[in-house]
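Please look over the model below before reading my points.

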Amino acid sequence: MSSGEAVTTTRQRLTSTCQLNLLLFPFDVQRCNITFSSTSFDTSSLKLGTARNSSVITSLSDEFMITQGEWNLKNMQVFLYDQSNGNISVSKLRYTVWLERKPMLYVINLILPLFYLLILDLASFFISESSGEKLGFKVTILLSISVLLLILNDILPSTEDKLPMIASYCVSVFTVVWLSVLEAMLVGYLSKIDGFCCKEDQSSGDLQQDAVRHEEPAEVQEDTKAEAVKTVLPPDGLQDLLKGILDEVRAAQREAGRRDKPDAQEGRFRRLAKTIDCVFFLLYFLVVVTFLLYLCIIWMNG
């Protein structure tokens with residue numbers, strides 16, 4: 001132009017890197033700064049500026065971003081300022097870009113399955129110890145969480161600053177389920193010890209009862225013999241048959257007494273196992289609810 005101004009148009013495609021803060025992953029919003037400045041001219045020779053404001057630049061950039069992938073362009077802002085370095089002042093132009101991650105894929109593939117497995121582990125406390133399936137069920141849940149941790153290792157971007165909250169969530173779920181498996185093993189072991197002790201007590205009691213029956217007083221035996229003499233004995237075949245039936249009835253009574261006795265009177269180890277199970281369930285439930293509330297508050301306020 002006649003005033004000495006020159007207009008030039010140059011198009012370039014630049015690639016920039018941005019440090020990510022993954023603390024709130026996958027509900028994170030990243031802020032990236034792109035700064036332009038001149039290394040040869042000061043503000044008296046070169047003044048940087050933009051032809052459009054921040055809102056127009058944001059809308060145009062959103063239209064040109066054809067493949068956004070897992071990101072949404074939330075906002076863009078332009079800042080113009082001069083930076084002094086000694087006696088030289090340089091014009092600078094900075095673009096601040098806010099990118100919001102789309103979290104639904106991670107919620108469906110990772111967060112919800114871990115939550116469902118945690119609820120299943122809580123529900124496994126209502127499985128009876130006598131069924132023998134409680135420990136195997138808990139171990140299956142633990143293996144499923146291990147598979148989800150491997151998936152997390154593949155999808156989580158590498159970072160060196162802070163551990164993401166989703167990693168803390170996964171590790172915490174794995175830890176409480178692991179402790180639940182250990183508690184189920186302890187309760188099962190105590191129940192088996194109690195059953196073994198009850199069997200020993202019952203066997204010793206049966207031996208004592210048999211000894212008492214065999215060691216009857218001589219007078220009772222003589223009276224019994226006298227009454228037997230007075231009574232007309234049945235034939236030998238019928239007598240053997242009745243004796244066999246009497247022995248079977250006595251054996252059935254002893255077996256029924258053995259089955260009913262542990263249910264009617266629990267040993268100290270079984271009572272200890274039930275106490276440990278109840279206390280651990282309450283602590284487990286409180287820890288899980290507190291941690292999930294804390295995690296939701298951080299993700300919502302982040």
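**Notes on packing, salt bridges and a surface patch**

1. α2 passes α3 in a left-handed crossing. Here left-handed means that the near helix is turned anticlockwise from the far one by less than a right angle; clockwise would be right-handed. Helices (H or I, at least four residues) and strands (E, at least two) are DSSP runs, numbered from the N terminus.

2. A word on the source. This is a predicted model, in which local features need pLDDT of at least 70 and side-chain atom pairs count only at pLDDT 80 or more, while totals for chains, interfaces and linings use all residues. Residues are numbered from 1 along each chain as its sequence is written, and side-chain values use heavy atoms, with hydrogens and water left out.

3. Back to α2 and α3. Their axes lie 10 Å apart and the packing angle is about 160°. The two helices are therefore roughly antiparallel to each other. Axes are lines fitted to C-alpha atoms, for helices over the stretch in contact, and angles run from 0 to 180 degrees between N-to-C directions. Angles under 35 degrees count as roughly parallel, over 145 as roughly antiparallel, 65 to 115 as roughly perpendicular and the rest as oblique.

4. α2 also meets α7. Helix α2 covers residues 104-123 and helix α7 residues 268-301; their axes come within 11 Å and cross at roughly 160°. This pair, too, is therefore roughly antiparallel. The crossing of α2 and α7 is left-handed.

5. How many salt bridges are there? The count comes to five. The rule asks for a side-chain nitrogen of Lys or Arg within 4 Å of a carboxyl oxygen of Asp or Glu.

6. Arg101 deserves a look. Asp28, Glu70 and Arg101 are linked in a network of salt bridges. Arg101 pairs with Asp28, with the closest N and O atoms 2.8 Å apart. Arg101 lies in strand β3 (residues 88-101) and Asp28 in the segment before β1 (29-37), so the pair ties together parts 73 residues apart in sequence. Arg101 is buried, at 4% relative accessible area, and Asp28 is buried at 2%. Buried means under 20%, exposed over 50%, and partly exposed in between (1.4 Å probe, protein chains only).

7. Glu70 is the other partner of Arg101 in this network. The closest N and O atoms of Glu70 and Arg101 are 3.4 Å apart. Glu70 sits in the loop between α1 (54-64) and β2 (71-85), 31 residues from Arg101. Glu70 counts as partly exposed, with 30% relative accessibility.

8. The closest N and O atoms of Asp277 and Lys134 are 3.4 Å apart. Both residues are buried.

9. Now the surface. Leu135, Val139, Leu143, Trp178, Leu179, Leu182 and Met185 make a nonpolar patch of about 620 Å². α3 (134-155) and α4 (165-214) each supply at least two of its residues. The largest share, four residues, comes from α4. Trp178 is in helix α4 and is partly exposed, with a relative accessible area of 43%. Patch residues have over 30% relative accessible area and no salt bridge; like charges are joined within 9 Å, nonpolar side chains (Val, Leu, Ile, Met, Phe, Trp, Tyr) within 5 Å. Areas come from the Shrake-Rupley method with a 1.4 Å probe; for residues, only the protein chains shown count as cover.
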